[in-house]
Amino acid sequence: MSIQQALKTIATIETLQPVYCIQGSESYLQQKVKEAFLQRMAITENDLNFTQIDLELLTVDQLIDEAETVPFFGDQRLLFAMNPYFLTSEKKTNGPDHNLDRLIEYLNSPLQTTVLVFFAPYDKFDERKKITKRLKKQAVLIDTKPLAENEVKRMVHEKLKQANVDIEPQALEQFLRSTEMDLSKAMHELEKLILFASATGRITGKAVEQLIPKTLENNVFELTEMILKGKADGAIEGYRELLLQGEETIKINAILIGQIRLYLQVAILMEQGMQQGAIADQVKAHPYRVKLAMQQSRKYSRSELEGLFDQLVENDYKMKTGQMTKEYLFELFILQTANRLVGR
C-alpha cells in the first residue's frame, strides 16, 4: 500500500487491522505513519493503551506479552514494534534472543484488541525466512521506501503551499540537489526556508545557498562538474576551499573516484538499453543521483570516463604511498583534465 493511500485508510477505516508492517528507510514517512495511528486512536505516547518496544533491545516474548495485554478502558491497544531486524539478513551479535516461533504463532491468530505495528526501516527483507513470509501474509504492508523525484517535489510543494510560500524553480532544483533528494532531509531543512521567507512569501536561490548546508558529497559533485566542463580556475578554487574547511585530499579524491565510477557504470548500462529506475536498482544508488549521472555521462565517451577513473585510482595510490605531494597531484589532475575537456 502506498503512503498516501495508507494515511487515508488509517484515518477513515472503521476498524483498524490487528497487524501492520511499515517497510522502508524513509524516516519522514515512517514518522507520518506513527502520527496517523496515534491520531486515529486518539491516544498519546504516554497513554496506558500505548507501548513501544525496540526489538534490538527487548525480546519478541516481551512484545507478545504486551500484545496479549487487555486494553485499559478501551477497545484496542496500540503497540509499536521497532527495528525488527530479524526480517532481514542482518545478524546482531549482541542482540536479544528472539522466540520467532511464538511470534509466528501470534501472527497466525492475532488478537483484535491490539493493533500491532512493525516499523521496519529497511528497503529489503530476507524473503527466505519463515517469519518474513508469515508477516507479509498476515500484515497490512505500507511502503515507506525513498520516493521518486516527482513524489519528493510534490510533497515539498504541498508543504510550501500549506505555509503560503512560493519557491523559484531554480531555487527548488538547488534545494533538492543540496538535500540529495532525501525527503526526510528536505522536510527538515524546508522549515528553515519557510521561516526565512515568512516576510516575503518567496524562497530564492540566494536563500537556499545561505541556509542549506552542503555535504562534502555535494561539494565534490559540483567540483566534478567544473572539472568536466573545463573550468579549471573554479575547480581549483573549490578544491582549495574544501581544504580550508578541513577536508582531506585523499578523501576528496576517493569521493571523486566514486562519482566517476558511477558515471561509468551508468554509461555502460545505458548502452545496454536500461532506463533510470532499472539502473538505480542495479548500481544501488538513489534515482536522482542516477538521473544526474545520466545527464553527465552522455557528454563523454566511455573511453574518456575510463581514462579519468584510471588516473584518479593511480593518483590515490601515489598519494597513499607518498610518491608525490597530495595537493600537487590533485591540482595537476584538475588542470590536465579541465584543459582537455574545456568547452564541453
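Colleague: Before we dig in, what are the ground rules on numbering, pLDDT and atoms?

Modeller: Residues count from 1 along each chain as its sequence is written, and side-chain values use heavy atoms, with hydrogens and water left out. As this is a predicted model, local features need pLDDT of at least 70 and side-chain atom pairs count only at pLDDT 80 or more, while totals for chains, interfaces and linings use all residues.

Colleague: How many helices and strands are in the protein?

Modeller: Both are DSSP runs numbered from the N terminus: helices are H or I with at least four residues, strands E with at least two. On that basis the protein has 16 helices and 7 strands.

Colleague: What is the strand order in the open sheet of 5 strands?

Modeller: Strands count as paired if DSSP finds at least two bridges between them. The pairing here is parallel, and the order reads β2-β3-β4-β1-β5.

Colleague: Why is one side of β2 and of β5 left without a neighbour in the sheet?

Modeller: The strands in question are β2 (50–54) and β5 (140–143). Each has a single partner strand, so one side of each lacks a neighbour, because they stand at the edges.

Colleague: Which helix packs on the sheet, touching β1, β4 and β5?

Modeller: Touching means contact, with heavy atoms within 4.5 Å. Its direction makes about 110° with that of β1; axes are lines fitted to C-alpha atoms, for helices over the stretch in contact, and angles run from 0 to 180 degrees between N-to-C directions. The helix is α5 (residues 130–138).

Colleague: Which residue in β4 stands opposite Ile22?

Modeller: β1 (residues 19–23) and β4 (residues 114–120) pair in the parallel sense over 5 bridges. Within β4, Gln23 has Ala120 as its bridge partner. Opposite Ile22 stands Phe119.

Colleague: And how many bridges join β3 to β4?

Modeller: β3 covers residues 77–82 and runs parallel to β4. Arg77 stands opposite Thr114 in β4. The bridges joining the two strands number 6.

Colleague: How many residues of β4 are buried?

Modeller: Buried means under 20% relative accessible area (1.4 Å probe, protein chains only). Both faces are covered, with Thr114, Leu116, Phe118 and Ala120 on one side and Val115, Val117 and Phe119 on the other. That makes β4 mostly covered, with 7 of its 7 residues buried.

Colleague: What share of the whole protein counts as buried?

Modeller: The C-alpha atoms fill a box of roughly 75 × 50 × 40 Å, taken along the principal axes. Of the 344 residues, the buried share is 46%.

Notes:
Buried < 20%, exposed > 50% of the residue type's maximum accessible area, 1.4 Å probe, protein only.
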